[in-house]
Amino acid sequence: MYFLDYRYCNCSSPSVTLIFLDRLGEPMGKAVFLYGREDARIDPFNLRDGRPGEVLLDVAAVGVCGSDLHYFKDGGIGSAVIKEPFVPGHEFGGFLCEDIEELALQRGSLVAVDPNKACGHCAWCSEGHPNLCPNVEFIGAPPFDGAMTQRIWVPQSQLVALPSNFDPLQAVMLEPLGVAIHAVDLARPRLLERVALLGAGPIGLLVLQVLRVAGAGDVLVADPLEHRRAAASKLGATRVGASAEDIIEWTKSEGCSLVVEATNSPLGFRDAVRTARIGGRVILVGIPDGDTYTLPAAEARRRALKIKFARRMGEVYPRAIELVASGKIDVASMVSHRVDLDATPGVFRALAENAPGYIKALIYPNGEREPGRTQ
Ligand SMILES: [Zn+2]
Ligand SMILES: [Zn+2]
């Protein structure tokens, strides 16, 4: 519910400016809304009231994730279908709008947010797998609005305090880095083990670096996009090729004992299986377009592969912060675009079309300012 107000009209000019005002007469915010398939719009956004235990943040920056792109390209992911327009954005950092004494955080401090709110009492939560909680409330997954807007209320329990020298980009990238850490936790690479990595998008490029930190040996990377292969080379890939066929050839058809799949392709699972050595392990991190995998069963069965699906992440933030703070993981060089809120629908389209030069896009809904920072 919002009102139009003409108080801001410039009456000496024939042009009339409309400003959206909320019920209190404050200028309204705006947000990116996904309405359905290939339909992203900027609309006025009426910030809801805060609930007990929540704190208000000015959104500093928010990332466009591959999962956001699936909502854009397919109108949903599996049974999670867009029924009503929602605001995406689960990778974000924000500036506190108030002091939080319990956490010794001051107004203006930059924080990250863990978007995953597990119930804490189901079987999976009690077994230590909050990422598998079926009662999860995930900020930025429908029906829960996310951070592609200027201000957001978040539960204080989901705030992640950051070192004082972190910037908004680093705050945002902790979430996708967490996905990569979780994937490598599942993969458990052996020291100097040779790994095949399919996909050099943001998650693939983070997995690549975490594999290196975890002691993996050669990492053979395949991605059809030239600029992503170049990024993989820069971030530590031993060899880069355009497809899984290259990896199969380099390994003389033997394949790799560990394969990590981080593509968005329905053929990603098939390619991962074909790239795996007999008896090898396959970790599936990517979400396939169209929510369907296709592979000949015998290819996987005859190799007796051990296959794991990575689902979001476990307890990763302290390690993600440590990896970024120590400089062991480069999260900045894969950020190819930084835009404002109004440019976001165009960025969704460009990413969906694999436009040249696009890897990771960050949105700065309040501009690239850093209140409280002297720089
Ligand atoms: Zn994500
Ligand atoms: Zn639970």
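The model is a predicted one, and the chain in it has 10 helices and 21 strands. Its radius of gyration is 22 Å, close to the 21 Å that the globule rule gives for 375 residues, so the chain is as compact as a globular protein of that length.

**Overall build**

- Along its principal axes, the C-alpha trace of the chain spans about 75 × 45 × 40 Å.
- Of the 375 residues in the chain, 42% count as buried.
- When contacts between residues at least 6 apart in sequence are considered, 69% of them join residues that are at least 24 apart.

- The domain assignment of the chain gives domain 1, made of 32–161 + 334–363, and domain 2, which covers 178–309.
- The centres of the two domains, taken over C-alpha atoms, are separated by 27 Å.
- Where the domains meet, 13 residues of domain 1 are in contact with 13 residues of domain 2.
- On the side of domain 1 that touches domain 2, helix α1 (residues 66–74) gives the most, with five residues, and by class this side has four nonpolar, six polar and three charged residues.

**Helix α1**

- Eight of the nine residues of α1 are buried, so this helix is largely enclosed by the rest of the structure.
- The buried residues of α1 are Gly66, Ser67, Asp68, Leu69, His70, Tyr71, Phe72 and Lys73.
- The cover over these buried residues includes the strands β3 (29–36), β4 (39–45) and β6 (76–77), together with the helices α4 (202–213) and α10 (344–352).
- Just after α1, Gly75 takes a positive phi of about 75 degrees.

**Packing of helices α3 and α9**

- Two packed helices are described by the angle between their axes and the distance between the axes.
- Helix α3 (residues 168–187) and helix α9 (residues 317–325) pack at an angle of about 115 degrees, their axes being 9 Å apart, and α3 passes α9 in a right-handed crossing.
- From α3, the residues Gln170, Leu174, Leu177, Gly178 and Ile181 meet Tyr317, Arg319, Ala320, Ile321, Leu323 and Val324 of α9.
- The residues of this contact divide into eight nonpolar, two polar and one charged.

**Two buried residues**

- Ala262 lies in the loop between β17 (256–261) and α7 (268–275), and Ala262 counts as buried because 30 other C-beta atoms lie within 10 Å, where 20 or more are needed.
- Not counting residues up to four places away in sequence, Ala262 touches Leu197, Leu198, Gly199, Gly201, Ile203, Gly204, Val207, Val285 and Gly286.
- One of these residues, Leu197, is 65 residues from Ala262 in sequence, while the two are 7.3 Å apart in space, C-alpha to C-alpha.
- Ile152 lies in strand β12 (residues 151–155), and Ile152 is buried, with 29 other C-beta atoms within 10 Å.
- Leaving aside neighbours within four places in sequence, Ile152 is in contact with Leu57, Val59, Gly94 and Ala147.
- Ile152 and Asp49 are 103 residues apart along the chain, and their C-alpha atoms are separated by 9.8 Å.

**Backbone features in loops**

- Most residues other than glycine have a negative phi, and most peptide bonds are trans.
- The peptide bond from Pro142 to Pro143 is cis, with omega near 10 degrees, and Pro143 lies in the loop between β11 (137–138) and β12.
- Arg188, found in the loop between α3 and β14 (195–198), has a phi near 45 degrees, a positive value in a residue other than glycine.
- Arg188 counts as exposed because 12 C-beta neighbours lie inside 10 Å, and the exposed class is set at 12 or fewer.
- Lys252, which is found in the loop between α6 (244–250) and β17, also is a residue other than glycine with a positive phi, here near 50 degrees.
- Lys252 is exposed, with 7 other C-beta atoms within 10 Å.

Technical notes: Residues are numbered from 1 along each chain as its sequence is written. Chains are lettered from A and ligands numbered from 1 in the order in which they are written. This is a predicted model: local features need pLDDT of at least 70, side-chain atom pairs count only at pLDDT 80 or more; totals for chains, interfaces and linings use all residues. Helices (H or I, at least four residues) and strands (E, at least two) are DSSP runs, numbered from the N terminus. Two residues are in contact if their C-beta atoms, placed from the backbone, lie within 7 Å. Axes are lines fitted to C-alpha atoms, for helices over the stretch in contact, and angles run from 0 to 180 degrees between N-to-C directions. A crossing is left-handed if the near helix is turned anticlockwise from the far one by less than a right angle, and right-handed if clockwise. Ala, Val, Leu, Ile, Met, Phe, Trp, Tyr, Cys and Pro count as nonpolar, Asp, Glu, Lys and Arg as charged, and the others, Gly among them, as polar. Domain bounds come from an automatic or database domain assignment. The radius of gyration is taken over C-alpha atoms; the globule rule is 2.2 Å times the number of residues to the power 0.38.
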